[in-house]
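Me: Can you walk me through this one? I'd like to start with a hairpin.

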Amino acid sequence: MFDFGITGYKPTWMRGTSAVAAAHGHRLARLEGRGLSRVMLVWDLDEDAWFSDGLVLLDFEGEQVEIVHHRFDELSITWNTVDLAQPLDWAGEGFRLAWREDVPGESAALKGQRLQGVELLEWAGQDMAQGMVAVSFIFANGRVTIYNALDENGMEFDTPDPRYVRHRLGA
């Protein structure tokens with residue numbers, strides 16, 4: 001199993017909102033009310049750009065949720081398993097990678113805000129991404145959605161596309 005450059009990391013792949021909600025819905029909903037301490041992305045030091053194949057980490061006052069998308073419809077969510085002090089090694093491919101905080105700027109703007117809700121978003125568009133599940137974190141002054149950008153992660157900070165079916169957790 002590929003470890004996404006993180007020694008000992010073991011993703012647990014899921015498909016569909018039912019599977020994600022059953023495995024992580026209660027824990028994601030319990031994040032409500034916590035402040036966002038930081039967002040960490042894998043950064044390509046040579047390209048000075050987000051390495052979107054890597055994990056996205058969101059820390060809510062010590063509770064770290066780790067999100068990664070794979071293929072066209074697979075999502076893994078893990079909790080508090082990634083040690084940011086450990087070096088990243090992408091299967092010996094020679095990428096110079098490191099964790100980076102507060103990028104993009106929209107994520108830095110959410111830092112310190114209290115989480116108001118979490119939604120699982122199911123893509124209902126009539127294309128190859130149909131059924132893909134994104135995770136959206138809602139704050140008073142914005143949101144961040146981590147979605148499947150066709151075998152890598154994508155991030156959005158706007159209202160989700162109307163082709164998503166929204167599933168509010170804990171409501």
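**Strands and core**

Reply: In the hairpin of S5 and S6, with 3 residues between the strands, Arg 71 takes a positive phi near 50 degrees. Strands (E, at least two residues) and helices (H or I, at least four) are DSSP runs, numbered from the N terminus. This is a predicted model: local features need pLDDT of at least 70, side-chain atom pairs count only at pLDDT 80 or more, and totals for chains, interfaces and linings use all residues. Residues are numbered from 1 along each chain as its sequence is written, and side-chain values use heavy atoms, leaving out hydrogens and water.

Me: How many bridges join S5 to S6?
Reply: 6, and the strands run antiparallel. Two strands pair if DSSP finds at least two bridges between them. Ile 67 has Ile 77 as its bridge partner in S6.

Me: And how many join S1 to S6?
Reply: 2, also antiparallel. Leu 75 in S6 is the bridge partner of Met 14.

Me: How many residues of S6 are buried?
Reply: 6 of its 6. Buried means under 20% relative accessible area, with a 1.4 Å probe and protein chains only. Glu 74, Ser 76 and Thr 78 point one way; Leu 75, Ile 77 and Trp 79 point the other.

Me: New topic. Which residues touch the most other members of the largest nonpolar core?
Reply: Leu 28, Leu 58, Ile 77 and Phe 137, out of 31 residues. Such a core is a set of buried Ala, Val, Leu, Ile, Met, Phe, Trp, Tyr and Cys residues joined through side-chain atoms within 4.5 Å.

Me: Which strand gives the largest share?
Reply: S9, with 4 residues.

Note on methods. Buried means under 20% relative accessible area, exposed over 50%, partly exposed in between (1.4 Å probe, protein chains only).
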